[in-house]
Amino acid sequence: EAFGEVESIKLLPAKQTGWTLFGFVIFTSMSSAHKAIAKMDGASVGGYNIEVKLASNNGKVSTGPPQPVEIVSEDRVMGTLHAWKGNYGWISPDTPIDHPEAGKHRGQVYVHVRDIEGYYDSPSLAEGDR
């Protein structure tokens, strides 16, 4: 099943991983990755149940326990950073989000480092950044 555009795929042979198979799929958008996780985590493939999750990018980010994610837009959301707490923060989107919960938190939107394009290229954020 297709979940979105794939940038790359890497499979590690079992003999390199202690007989556990690993594969890494990089999607061009986080929404596609979240769709794949929601649909495929725990699915049976070739008679094996698989675990699908976000990678932690070599230990730089702790993704913590799986949290329910509701994708409210397929489009990229741009905005101004209002608060940053190390791995997460709040942005004011440039374009208001049409969602019943959008009025909470004074219209600001929660964002995690794994949702920020290019974060690992320049991993310091401050209030006012875009």
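Biologist: Why does W90 count as partly exposed?

Modeller: W90 has 22% relative accessibility. Buried means under 20% relative accessible area, exposed over 50%, and partly exposed in between (1.4 Å probe, protein chains only). W90 therefore counts as partly exposed. Bear in mind that this is a predicted model, where local features need pLDDT of at least 70, side-chain atom pairs count only at pLDDT 80 or more, and totals for chains, interfaces and linings use all residues. Residues are numbered from 1 along each chain as its sequence is written, and side-chain values use heavy atoms, with hydrogens and water left out.

Biologist: Thanks! What makes W90 and Y110 an aromatic pair, and why is the pair called edge-to-face?

Modeller: Rings of Phe, Tyr and Trp (its six-membered ring) pair if their centres lie within 6.5 Å; planes under 30 degrees apart count as stacked, over 60 as edge-to-face and the rest as tilted. Here the centres are 5.8 Å apart and the planes make an angle of 75°, so W90 and Y110 form an edge-to-face pair. The pair links distant parts of the chain, with W90 in strand β6 (residues 88–93) and Y110 in strand β7 (residues 109–112). Strands are DSSP runs (E, at least two residues), numbered from the N terminus.

Biologist: Why is E117 called exposed?

Modeller: E117 has a relative accessible area of 57%, so this residue is exposed. E117 lies in the segment after β7.

Biologist: Which residues make up the largest nonpolar core?

Modeller: That core has five residues: L81, W84, I91, V111 and V113. A nonpolar core is a set of buried Ala, Val, Leu, Ile, Met, Phe, Trp, Tyr and Cys residues joined through side-chain atoms within 4.5 Å.

Biologist: How confident is the predictor in the chain?

Modeller: The mean pLDDT (the predictor's confidence in each residue, from 0 to 100) is 76, and 78% of the residues reach 70 or more. Over residues 58–65 the pLDDT is below 50. Where pLDDT is low, the predicted coordinates should not be read in detail.

Note on methods. Contact means heavy atoms within 4.5 Å. Helices (H or I, at least four residues) and strands (E, at least two) are DSSP runs, numbered from the N terminus.
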